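Thanks for passing this one along. Please have a look at the model below, and then at my notes on it.

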Amino acid sequence: MGFFGILEDKHLPHVPGTVILNEEYAHSESLTAGLRHGKGKNAHVVLAPQPSEDPNDPLNWSSMKKLTIMLIVGFGTILNAATVSGLLNAALFTLSLDFGVSIGSITIISGYQLLVAGATGPFVSALSRKYGKRPVFLFSSLMALIGSICGSVTTGYNGLLAARILQGFGISAYESLVIAVVGDLYFVHQRGLYMSAVQFLLGAISNFSSVVCGAVAAKLGWKYLFHLLVACLGFNLILLLLFCPETSYIRDQRYNIDETADDDLKGLSEAERRHVECSQRSKEASASDLAPTETHTSIIVTVRPPKTFVQEMAIFTGVYSDENLLQLVIAPFAVCSNLAIFWVVVVSGVVTATYVAQAFVLAQIFSFPPYNLDASGIGYLSLGPFIGGVIGSIVLGFVSDPIIKLFSARNKGVYEPEYRLFAMLGGLLSGGALMAWGYMLQQKANLYACATVHGIVLFGIICVTISTSAYALDAYRDMSNEIFIAGMVFKNFLFYGFSYFVNDWTATSGPAEVFYVFGGIVFALTLSTVPLYIWGKRYRSLWFRHNLLTKFNIRTHAEL
C-alpha cells in the first residue's frame, strides 16, 4: 500500500498521472538531473509536463504573459459564465410583475439559456480540439455580446427569451475550456492556485454579480443590466482579440511525463542534456537565428523562432487534430466510459446544481413576508455565499499546492493525483449546511443567519469543484478538454431540468424537504470519494491498459 492508503499498481512501471515531483526525496537525481526544474524554492521540483525547446510552447512563456492571458480569460469567465447565467436572478419577481407571468415562467427563460449552453458543449469541445481554443473563445464572446444587445432593446417576454438563448452560446467555452487553459500554461505544482481562482470565478463571483445586478435592477431597471453588460463584453472581446494568443500546442509526447506509462526518464534527461550541448555548440559556430535541437531519435531539427505579435493574434493558428469533427463531437460523451471521469462529472455537476437550486428559490422565499425584500435586497443576500466562496478559494488556493508537495515528500518524492481529493471533505460541510438552510427557511429564521449558512454551503461546494477539477486535470490531462466539456453539458442540462420543478416543489412541500433531500445527496456523493482515492491509481493503470476510447478509435490527444 502506498502513502496514506493509496493502493499501488502492479502492472505498469509508471502509471500515467503519477510523477516524480521532488527529486530530493525520490533520490532520483541520476534519472532527473537533466530534466527541467522549477526555480528558486522550487529548484528541486521536476517540471511536469516538461517544456519543449520551442519558444512558442505556452509552458515556456513568461510569467507575465501567462498571467495576462489568465486575467483576460478570467474576466471573460466573470462576464460570460458567472454573470450572464445569473443575470436576472435577483430581478425574477420584478420581471414577473412587468410581464404578468409567474416567477417560474421567468426562471424557465434562464433554463432555456442553460439548455443552449449544454447543447453547444460538444461542438465547443470538437472545434477547440480541432482548431484551438482562441477562435472558440472569440466566437463565444461575440455571441454573448449580440445576445446582450438584443436584451437591452427588447420589450416583451419572447424578446427576452431570444436574448437569453443567444447569450447561452457564450457560456460553454468559459465554463469548461478555461479550466483546460490552466493545464496548457502551468505545471503540476503550480495548478492548485489557478484552479482555485477559476472555481472562485465560476462559483463565488456569480454571487457578487447578483449583488450588483440586484441593486442595478432596483434603482435603474432590469434593462440596464444588459446595457452595462454590453459595455463590459465589448471591452473583453477587444482584450481577447489583442492579448490572448492560442494556448493549444502540439508537444512531443516524450515531454508529457505526467501522461506516459514509460518510465524512461533517464533517456529524456540524456536527450535534454545533448540538446543543451548541441545548442551551445551551434551558437558558438553560427550566428543563425535557428538553433538545432535533438530528439530522442537523434534527428536534428530546427527550433522555430518566436512568433511575431501579428502571428500570435491570428484567429486561426492551424489544425491541432486530424480526427474528423464527428469523432471529436462524440468524445465528451465517450470519455464518460472512464468511471473516474464519470464520477468527476456527476459529483461536480450534482453538487453545483444544489447551489443553483438555492439561487432559483431566493426571490420566491425572500420577496414575501416576513422578509419582503426588493430586487436589491435579494441581491445583497448573495453577499453571504460570495464571502463563503472567497474564503474557500483563498484557503484552497494557498493550501492545495503546499499539501501536494508535503504528501509527495512523504511518498518518497512521488506525486499522485489522488492527493487532490482531500479537499472533498468540504462536501460534508456543504451537505450539512444545505439541510440547515432548508430548515431555517421553513422556520422563517433571521435572514442574516440564512445568508451565513448559504455562505457555508458555497464554501463546501468550492472545495468539491476545485478538488474534482484538479484531480481530473492531473490524472487524465490528455482528456481535459473533453472532461470539462462533459461536466459543463451535464451541469447545464441538470440546471435546465431544475428550472422546471424546484420552484414548484418548494412551494408545495416547503424548503425544508427540498434541501434535506439535496443535503443527503451531497453527503452520499462526498462519501463516494473514498473508493476512488484508494483504488484510483490502480484504475488509472487499468484504463491505460484497456482504454475503451482507443478500442473505438476515438483520440483525445491534440496530436497530428
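1. A word on the ground rules. This is a predicted model, in which local features need pLDDT of at least 70 and side-chain atom pairs count only at pLDDT 80 or more, while totals for chains, interfaces and linings use all residues. Residues are numbered from 1 along each chain as its sequence is written, and side-chain values use heavy atoms, with hydrogens and water left out.

2. The largest pocket has a volume of about 700 Å³. On a 1 Å grid over the protein atoms alone, a pocket is an open set of points with protein on both sides within 12 Å along at least five of seven lines, a cavity is a set where a 1.4 Å probe fits but cannot get out, and lining residues have an atom within 4 Å of a point. Grid points are joined across faces, edges and corners, and a volume is the space filled by probe spheres set on the points. Of the 25 residues lining the largest pocket, Asn42, Ser63, Phe187, His189 and Gln190 lie nearest its centre. Helix 17 gives the most to this lining, with five residues; helices here are DSSP runs (H or I, at least four residues), numbered from the N terminus.

3. Two cavities of 30 Å³ or more turn up in the whole structure. The largest holds about 680 Å³ of space, and helix 15 supplies the largest share of its lining, nine residues. The second largest cavity holds about 70 Å³, and its lining includes Arg134, Pro245 and Glu246.

4. Glu312 sits in helix 13 (residues 309–312) and is buried, with a relative accessible area of 13%; buried means under 20% by a 1.4 Å probe, protein chains only. Leaving out residues up to four places away in sequence, Glu312 touches Arg134, Pro245 and Glu246, among others. Contact means heavy atoms within 4.5 Å.

5. Phe366 and Tyr476 touch the most other members of the largest nonpolar core, which has 142 residues. Such a core is a set of buried Ala, Val, Leu, Ile, Met, Phe, Trp, Tyr and Cys residues joined through side-chain atoms within 4.5 Å.

6. Why does the length of helix 18 (residues 426–442) agree with expectation? Because its 17 residues, at 1.5 Å a residue, should span 24 Å, and its end C-alpha atoms are 25 Å apart. The expected span is 1.5 Å times one less than the number of residues. What covers the buried residues of helix 18 includes helix 15.

Definitions and conventions. Helix = DSSP H or I, 4+ residues; strand = E, 2+ residues; numbered from the N terminus. Buried < 20%, exposed > 50% of the residue type's maximum accessible area, 1.4 Å probe, protein only.
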